[in-house]
Amino acid sequence: QVQLVESGGGLVQAGGSLRLSCAASGLSFWRYGMGWFRQAPGKEREFVAAIKRLGGSTRYADSVKGRFTISRDNAKNTVYLQMNSLKPEDTAVYYCAAGINSDYDREYDHWGQGTQVTVSS
């Protein structure tokens with residue numbers, strides 16, 4: 001059974017930083033592209049960042065470029081999202097996703113339960 005468990009969310013002031021982690025189990029992690037998505041209240045879920053299987057290629061939503069960094073440790077079956085210079089509009093539930101045929105912002109097979117990130121102004 002595939003499980004993706006996010007952690008690291010919380011409450012932070014604008015301009016602060018958080019590091020999200022997503023621990024994967026029940027799959028051959030290195031075979032999967034990994035992504036981070038978020039959903040704010042009253043809004044649709046949106047793509048944030050993605051990283052290919054071997055970690056050599058990444059992509060970001062325009063809204064987070066230069067502030068967020070996605071990385072992965074295949075030895076630990078974990079993907080990370082380092083979030084710097086946080087803004088109130090980054091407030092959302094953040095989800096990680098795994099896709100064996102993922103194409104950055106699409107084609108994900110497995111999803112975590114999400115972790116809340118709240119940025120106060």
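**Figure 1. Arginine 106 and its salt-bridge partner.** Arginine 106 counts as partly exposed, since its relative accessibility is 47%. In this predicted model, the side chain of arginine 106 meets that of aspartate 105 in a salt bridge, with an N to O distance of 3.1 Å. Aspartate 105 is likewise partly exposed, at a relative accessible area of 33%. Elsewhere, salt bridges with shared partners link Arg38, Glu46, Arg67 and Asp90 into one network.

**Figure 2. The salt bridge between arginine 38 and glutamate 46.** Side chains of opposite charge can pair when their charged atoms come close. For arginine 38 and glutamate 46, the closest N and O atoms lie 2.6 Å apart, and the two residues form a salt bridge. Are these partners buried or exposed, or does each fall in between? Arginine 38 has a relative accessible area of 5%, and it is therefore classed as buried, the limit being under 20%. Glutamate 46, by contrast, has a relative accessibility of 35% and so counts as partly exposed. The search of the whole structure finds five salt bridges.

**Figure 3. A salt bridge between exposed residues.** Lysine 65 and aspartate 62 form a salt bridge in which the closest N and O atoms are 3.1 Å apart. Both lysine 65 and aspartate 62 are exposed.

Figure 4. Four strands make up an open sheet, arranged in the order 1-3-8-7 with antiparallel pairing. Its edges are strand 1 (3–7) and strand 7 (68–73), each of which pairs on one side only. From one strand to the next, the twist averages 15°. Strands of a sheet pair through backbone hydrogen bonds, either parallel or antiparallel. Strand 7 is joined to strand 8 (residues 78–83) by six bridges in the antiparallel sense. Which residue of strand 8 stands opposite aspartate 73? The residue in that position is threonine 78.

**Figure 5. The surroundings of strand 9.** Strand 9 (residues 92–99) is largely enclosed by the rest of the structure, because seven of its eight residues are buried. How many bridges join strand 4 to strand 9? Strand 4 (residues 33–39) runs antiparallel to strand 9, and seven bridges connect the two. Within this pairing, methionine 34 stands opposite alanine 98. Strand 9 also pairs with strand 11 (residues 115–120), in the antiparallel sense and over three bridges. There, valine 93 has glutamine 116 of strand 11 as its bridge partner. Strand 10 (residues 110–111) is a further antiparallel neighbour of strand 9, joined to it by two bridges. Histidine 110 of strand 10 stands opposite alanine 98.

**Figure 6. Glycine 56 in the loop between strands 5 and 6.** Glycine 56 is located in the loop that lies between strand 5 (46–51) and strand 6 (58–60). Its relative accessibility is 78%, and glycine 56 is therefore counted as exposed, for which the limit is over 50%. Glycine 56 and arginine 72 are separated by 16 residues in sequence, and their C-alpha atoms are 9.9 Å apart in space.

Key
Residues numbered from 1 in each chain as written. Predicted model: local features only at pLDDT ≥ 70, side-chain atom pairs only at ≥ 80, totals over all residues. Heavy atoms only, no water. Pairing = 2+ DSSP bridges. Axes fitted to C-alpha atoms, helices over the stretch in contact; angles between N-to-C directions. Buried < 20%, exposed > 50% of the residue type's maximum accessible area, 1.4 Å probe, protein only. Salt bridge = Lys/Arg side-chain N within 4 Å of Asp/Glu carboxyl O.
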